Amino acid sequence: MSDTPVIGVLALQGDVREHLIALASADAQARPVRRPEELAEVDGLVIPGGESTTMSKLAVLFGMMEPLRERVRAGLPVYGTCAGMILLAEKILDPRSGQETVGGIDMIVRRNAFGRQNESFEAAVEVDGIDGGPVEGVFIRAPWVESVGAEAEVIAEHGGHIVAVRQRNVLATSFHPELTGDHRVHALFVEMVRAVK
Ligand code: GLN
């Protein structure tokens, strides 16, 4: 039991439950995280999809923004999906007023990047580091990554746009693997957490 990593899901807003289920299927002990004391107890953290503006405001309101930044700086493994990816970006191209990020990956993201015609869609995405064929990418008003810094590794693209990035212990995808029942991306993250633990 003791080497089972404890992975939190930031539970301020968004699709928390689906990530808790996906993490449990990938052999982690998963729990919601809302407060700094809870953040202090986890070996890794998922930031779910939802609405990045709302999540950013709630993080500030609940006194979580600085603790999140500190732990990410100190090397906490974090995985962000969709709105979570936006929160992990050092820079948002088109932020709403007052929208802040935690940071962790040297990348610039564009919110709702796939446009109105393409608000939600599914596509097979080949992800470096994941064996067994492409994952089914569920994109819901998804961001894409405009550019990455030298430290960040692009691990997936779709339609010529960057949709998954890894920088050391931080992983981000534009799409939502927690909605598909295929838990290979979560398993990759659990391995990243184990490697640090
Ligand atoms: N468009 C949302 C945002 O900007 C993200 C959508 C999602 O997480 N599915 O935060």
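This is a walk through the structure, one selection at a time.

Before you click anything: the model is predicted, so local features are described only at pLDDT of at least 70 and side-chain atom pairs count only at pLDDT 80 or more, while totals for chains, interfaces and linings use all residues. Residue numbers start from 1 along each chain as its sequence is written.

**Stop 1: the annotated trio**

Select C82, H176 and E178, which UniProt lists under "active site" in an unreviewed entry. UniProt positions follow the numbering used here, feature names are shortened, and annotations may be inferred rather than shown by experiment. The three span 97 residues in sequence, yet no two of their C-alpha atoms are more than 11.1 Å apart, so they gather at one spot.

Now center on C82, in the loop between β4 (78-81) and α5 (83-88). Helices (H or I, at least four residues) and strands (E, at least two) are DSSP runs, numbered from the N terminus. C82 counts as buried because it has 28 C-beta neighbours inside 10 Å. The scale works like this: buried takes 20 or more other C-beta atoms within 10 Å of a residue's own, exposed means 12 or fewer, partly exposed is in between, and C-beta atoms are placed from the backbone. Leaving out residues up to four places away in sequence, C82 touches G49, I140, A142, P143, S174, F175 and H176. Contact here means that two C-beta atoms, placed from the backbone, lie within 7 Å.

Hop over to E178, in the loop between β12 (170-173) and α6 (184-196). With 29 C-beta neighbours inside 10 Å, E178 is buried as well. Beyond its neighbours within four places in sequence, E178 is in contact with D15, E18, H19, A22 and T81.

**Stop 2: around the ligand**

Show the ligand and select its shell: G49, G50, E51, S52, C82, A83, I86, R111, N112, I140 and R141. A residue makes this list if its C-beta atom, placed from the backbone, lies within 6 Å of the molecule. Color the shell by class and you get four nonpolar, four polar and three charged residues. For that coloring, Ala, Val, Leu, Ile, Met, Phe, Trp, Tyr, Cys and Pro are nonpolar, Asp, Glu, Lys and Arg are charged, and the others, Gly among them, are polar.

Next, highlight G50, E51, S52, R111, I140 and R141, the UniProt "binding site" annotation from an unreviewed entry. They span 92 residues in sequence, but no two of their C-alpha atoms are more than 12.7 Å apart, so this set gathers at one spot.

Zoom in on R111, in the loop between β6 and β7. R111 is buried, with 22 other C-beta atoms within 10 Å. Not counting residues up to four places away in sequence, R111 touches S52, I86, I92, D94 and P143.

Keep an eye on the backbone here. Most residues other than glycine have a negative phi. N112 is not a glycine, yet its phi is positive at about 45°. N112 counts as partly exposed, with 14 C-beta neighbours inside 10 Å. R141 also has a positive phi of about 45° without being a glycine, and sits in the loop between β8 (135-140) and β9 (144-148). With 17 C-beta neighbours inside 10 Å, R141 is partly exposed.

**Stop 3: helix α3**

From the shell, pick S52, which lies in α3. S52 is buried, with 28 other C-beta atoms within 10 Å. Select the buried residues of α3 (residues 52-61): S52, M55, S56 and A59. They cover an arc of only 100° around the axis, which puts them on the same side of α3. That arc is taken over the directions from the helix axis to the C-beta atoms. Among the elements covering them are α4 (65-73) and α5.

**Stop 4: α1 and α6**

Select V16, H19, L20, A22 and L23, the buried residues of α1 (residues 16-25). Their arc is only 165°, which puts them on the same side of α1. Their cover includes β1 (6-10), β2 (29-33), β3 (44-47) and α6.

In α6, find H186. H186 and A26 are 160 residues apart in sequence, but 6.3 Å apart in space, C-alpha to C-alpha. Further contacts of H186, outside four places in sequence, include A22, L23 and P177.
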